[in-house]
Amino acid sequence: MKAIIFGFCLTALIVCDANILTHRGKEFCFGYMKAATGSIDLIAIIETDSLSQVSFSIEYPLGNISRNTTKHNRYKLPFTDNIPFVETKTSLYADRQKGICITTNTNETLFVAVYLDLDGTTSSYLALPYQEILTNEYEYYALSTSSNDEYYSGLLLVGFRDNTTVVIYPSTNVTIPQDTQDQTSINKLIQPGENHTITLHRRQTLFIGKDQGDDITGTRIVSDKPLTVISGHEAGSVPSDGTLEPMAQQIPPTQLWGDTFLIVPFAGHDEGQYIKILTSKDNTQVTYNCMNYNSVHIQNAGKVHQFFVPSDTYCYLEANNSVLVGQFAASPSDNTDGDTTMVLVASLDQYSKSFLFSTLNGTSQDHLNHYISISVPSEYFNPDNILYDGEIIDIEWTAIYDGGNNTIGYGCSFEVSQAIHTVDSKGRLFVMVYGFRVQRAYAYAAGYMFSPEGALGLKFSSDIYTISEED
């Protein structure tokens, strides 16, 4: 008889719900891409579901500090006097150490919203925590837009762990340091069809960008450890001849993408929106119904399909492969309406039951108008069970139909106050938070619940187990 001793702890024999990942976590590493006009402030909002105080540490380029937060008293972390130390503007080594990491060693979790203040809130995103899944390869794709020649469509990479190997496959010509750990390293031109391998350590940052009106969308990033990938633009527009606004979203790995979506239009923005569908697999078939049924074939991984949706139109979208869906508020032709912004739309399997979130406001006295949009699959729709700040939502819901004219879900949007809010339901739904005013806009998802591909497996702990095998 042969005996094999294992020093692990059996948490679950078949991992199902135990492997569901959310936007809540114990460790976050993130950063700030440059904005074209220069930031008045860079801000992170740290929140928790806990009614009791949760302590956490902040590692940033000027040192480490400790702070606390509770459910009803969010912690606002400004970098007003330290912008040059945390804003990543180039790919040079001088911009290599600009990541910010937030960690709690308590039993509670945190969630983090990040944004810029350019005399008004802009370029916001929901930070995603450190998340390990059963894979040897984490894959990400850039999602961005284009604009005037002088501004950059870009990616910001932030390391979670030392010695993370990263392979970059650009969709357009980019220049990247030959060696990211060498202070004297020269930049190297990498063209589509080529790749370049680098190393990033914890809190290290690398900006990858392209100007001249190019769009970095479709640039592929592959790493051997989880990585923070922030994609956006320092001053983008959708379409390219509209007004300009910084924008950013954190991109989850492709293993967390989805295939079925409900799209609720932005409220408070009469210009409508553009939907941008990005696939990580060849031969992706996408169908969508926005008053009219459409079908499109995306032939290659890293390619996109974009279409316009009027401001009063709801959509249902599905694909035969997992895709990433970005919703871009259309840039106005003048400055009379809220500006452009972007947000990642959750797929139906990423919906959750409970959301705690904050509207975002900068230092400007010209405050934004804040809104939320809610989408609910038909199977979970019961207006009496959906609560906003503890009260039933008194609003008319709009039905969303699939290509066969079947009701697949419902959606609504309404204005909210500048405050901390909650949305709770007995079923699963999705909440999008955003705001508009002249020349400014922001948007971010209030939360996600991910079910990774290949999530089945074994999880073990420190208990000792013996497996015996007969000779």
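Biologist: How do you know that strand 31 (residues 369-377) and strand 35 (residues 407-416) are paired?

Modeller: Two strands are said to pair if DSSP finds at least two bridges between them, and because eight bridges join strand 31 to strand 35, the two count as an antiparallel pair. A strand here is a DSSP run of E with at least two residues, numbered from the N terminus. Within this pair, Ile374 stands opposite Cys412 in strand 35.

Biologist: Before we go on, what kind of model is this?

Modeller: It is a predicted model, in which local features need pLDDT of at least 70 and side-chain atom pairs count only at pLDDT 80 or more, while totals for chains, interfaces and linings use all residues. Residues are numbered from 1 along each chain as its sequence is written, and side-chain values use heavy atoms, with hydrogens and water left out.

Biologist: Which stretches have a pLDDT below 50 or under 50?

Modeller: On this scale, which is the predictor's confidence in each residue from 0 to 100, the protein chain has a mean of 88, and 89% of its residues reach 70 or more. Over residues 1-18, however, the pLDDT is below 50, although this stretch has 56 contacts (heavy atoms within 4.5 Å) beyond near neighbours in sequence. Residues 454-471 also stay under 50, with 62 contacts beyond four places in sequence. Where pLDDT is low, the predicted coordinates should not be read in detail.

Biologist: What makes strand 34 and strand 35 a hairpin?

Modeller: Five residues lie between these two strands, and four bridges join strand 34 (residues 398-401) to strand 35 in the antiparallel sense. Tyr401 stands opposite Thr407 in strand 35, and Asn405 in the turn has a positive phi of about 65°.

Biologist: What makes strand 13 and strand 18 edge strands?

Modeller: Strand 13 (138-141) and strand 18 (196-200) each pair on one side only, in an open antiparallel sheet of four strands ordered 13-20-15-18. The twist of this sheet averages 25° from one strand to the next, where axes are lines fitted to C-alpha atoms and angles run from 0 to 180 degrees between N-to-C directions. Strand 13 is joined to strand 20 (residues 220-223) by four bridges, and Tyr140 stands opposite Ile221 in strand 20.

Biologist: How do you know that the peptide bond between Val238 and Pro239 is cis?

Modeller: Its omega is about 0°, and Pro239 sits in the loop between strand 21 (227-236) and strand 22 (245-250). Most residues other than glycine have a negative phi, and most peptide bonds are trans.
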